[in-house]
Amino acid sequence: MDIIDWAQLSAADQEKALERPAQSSQAQVQATVQEIIAAVRERGDAALREYAHKLDHCPDDELQLSAEQISAACERLEPELKAAIDAAYANIYKFHAAQKPCLVSIETVPGIVCHTATHPIEKVGLYVPGGSAPLVSTALMLGIPAQIAGCEEVVLTSPYPLSDAIIYAAHKCGISKIFKLGGAHAVAALAYGTESVPKVHKIFGPGNQYVTMAKRLVSDDPQGAAIDMPAGPSEVLVIADKDADPDFVAADLLSQAEHGPDSQVILVSDSAELLQKAEQAVQQQLNVLPRKDIAAQSLAKSRLIKASSLEECIVISNSYAPEHLIVQIANPQAIVKKLRNAGSIFLGAYTCEAMGDYASGTNHTLPTYGYAKTASALGTDDFRRRYTISCATPDGLRAIGETVERLAAAESLEAHRRAVSLRLEKIGR
């Protein structure tokens with residue numbers, strides 16, 4: 001990775017330097033995903049089996065795990081990994097259970113009471129990436145808030161081969177409907193339903209650019225399903241000063257680079273020396289990684305950026321709006337309020353992003369592609385629907401009736417005005 005001097009770039013070049021690598025292939029990805037969605041909608045399970053064989057290399061036609069298969073997987077899992085999942089479950093559950101809905105009940109004028117209320121989303125679909133990197137942690141991150149919220153039907157999909165760890169995590173979250181499906185065809189099945197896969201109201205979970213595109217397309221369709229957020233290929237931005245440990249910085253960059261070839265990592269520093277040392281540490285650590293070829297592809301699309309000051313580092317980070325933001329500077333707490341755009345922030349040399357990925361308690365399902373400017377980290381409230389309730393007495397109607405009549409008349413909506421007027425005529429103004 002070459003070091004980019006931010007001050008020497010034009011505004012256009014600065015914007016180009018922060019482009020995500022997957023953006024250039026969006027048209028091709030969209031065309032492919034549209035074809036997959038159409039096939040699943042038209043041919044249901046038959047299409048799912050074809051894609052499972054072709055894309056996931058699944059050797060059989062069974063789409064759903066049986067209760068016996070789930071039980072056997074839980075029995076097979078080694079005790080040490082089971083204990084680690086149990087410990088992570090406890091921390092994640094504790095943090096998400098504390099996320100109580102903010103409920104309001106207020107009398108806006110005498111006789112008019114307005115409430116907020118919530119209920120769990122009845123049917124949700126959880127997408128858990130698998131294959132070469134089976135993300136057991138994602139099963140926990142999605143399954144636990146769904147469990148706490150009380151969703152009635154929870155369906156989990158993950159590509160073949162499903163690891164015993166994912167199955168155990170899902171079972172621990174009370175999930176019994178588990179399907180061997182990945183990619184865009186899994187999203188399509190959840191959004192529209194098939195003979196075997198129930199249609200859900202909302203889909204959760206991260207994935208590659210095909211999964212992300214499928215989620216976007218089904219959420220745009222009224223007959224499809226809502227989604228949690230645009231959560232695509234993983235990314236991290238690290239802000240580091242001259243005193244940061246280059247080995248720590250390199251390790252954090254590589255922890256995201258190994259996710260996939262379309263992941264992206266960015267290091268921003270006001271110290272050219274730190275950038276050089278971190279780049280050397282990345283190359284040294286890369287050579288010992290089992291997924292070094294994948295990480296190397298990600299690093300080829302990543303950036304080392306030399307900023308003129310810590311303030312400029314903050315500006316660059318806010319512009320990029322990273323999924324993960326790691327701050328390795330002398331006093332990270334001092335700049336937290338200035339860090340406006342990030343999915344999740346990790347402060348200090350000892351707060352590695354991997355902690356949040358697995359067991360600290362926060363959720364690792366986060367907005368990518370710059371959507372952290374408007375979208376938030378996944379939480380328990382995402383599995384609930386909030387609505388309002390109003391209740392008026394005759395005196396309450398009298399109190400605001402004339403106001404409503406005048407506003408309705410100003411908008412030329414006579415039926416609106418009459419809905420109030422008729423009532424006032426019957427009860428007396």
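Biologist: Which element gives the most to the lining of the largest pocket?

Modeller: That is α14, with four residues. Others that supply at least two residues each to this lining include α2, α6, α8, α9 and α10 (246-257). Please keep in mind that this is a predicted model, where local features need pLDDT of at least 70 and side-chain atom pairs count only at pLDDT 80 or more, while totals for chains, interfaces and linings use all residues. Residues are numbered from 1 along each chain as its sequence is written, and side-chain values use heavy atoms, with hydrogens and water left out.

Biologist: What makes a set of points a pocket, and what makes it a cavity?

Modeller: Both are found on a 1 Å grid over the protein atoms alone: a cavity is a set of points where a 1.4 Å probe fits but cannot get out, whereas a pocket is an open set with protein on both sides within 12 Å along at least five of seven lines. Lining residues have an atom within 4 Å of a point. Grid points are joined across faces, edges and corners, and a volume is the space filled by probe spheres set on the points. The largest pocket holds about 1,200 Å³. Its lining has 46 residues, and Pro 129, Gly 130, Ala 133, Asn 208 and His 259 lie nearest its centre.

Biologist: How many cavities of 30 Å³ or more does the count come to?

Modeller: One. The largest cavity has about 40 Å³ of space. Ten residues line that cavity, with Arg 20, Pro 21, Pro 233, Glu 235 and Asp 262 closest to its centre.

Biologist: How are helices and strands told apart and numbered?

Modeller: They are DSSP runs numbered from the N terminus: helices are H or I runs of at least four residues, and strands are E runs of at least two. By that rule the protein has 16 helices and 14 strands.

Biologist: What does Ile 345 touch, not counting residues up to four places away in sequence?

Modeller: Ile 345 touches Leu 325, Val 327 and Leu 339, where contact means heavy atoms within 4.5 Å.

Biologist: How do you know that the span of helix α2 agrees with what it should be?

Modeller: The expected span is 1.5 Å times one less than the number of residues. For the 18 residues of α2 (residues 26-43) that gives 26 Å, and the end C-alpha atoms are 26 Å apart, so the two agree.

Biologist: What puts the buried residues on the same side of α2?

Modeller: The buried residues are Val 29, Val 33, Ile 36, Ile 37, Ala 39 and Val 40. They cover an arc of only 160° around the axis, so they share one side of α2. The arc is that of the directions from the helix axis to the C-beta atoms. The face turned away carries the exposed residues Ala 27, Glu 35 and Glu 42. Covering the buried residues are, among others, α3 (45-55), α8 (183-192) and α9 (209-220).

Biologist: Which residues of α5 are buried, and what covers them?

Modeller: Ile 85, Ala 88, Tyr 89, Ile 92 and His 96 are buried in α5. These fall within an arc of 110° seen down the axis, so they line one face of the helix. Their cover includes α6, α7 and α14. Pro 79, Glu 80 and Lys 94 are exposed on the other side of α5.

Biologist: What makes a set of residues a nonpolar core?

Modeller: Its members are buried Ala, Val, Leu, Ile, Met, Phe, Trp, Tyr and Cys residues joined through side-chain atoms within 4.5 Å. The largest such core has 39 residues, and those with the most contacts inside it are Val 124, Leu 126, Leu 140, Leu 156, Ile 178 and Phe 383. The elements supplying at least two residues each include α4 (67-76), α5 (79-97) and β4 (123-127). α6 gives the most, with eight residues. Apart from this core lies another, of 32 residues, including Val 29, Val 33, Val 187 and Val 200.

Notes. Buried means under 20% relative accessible area, exposed over 50%, partly exposed in between (1.4 Å probe, protein chains only).
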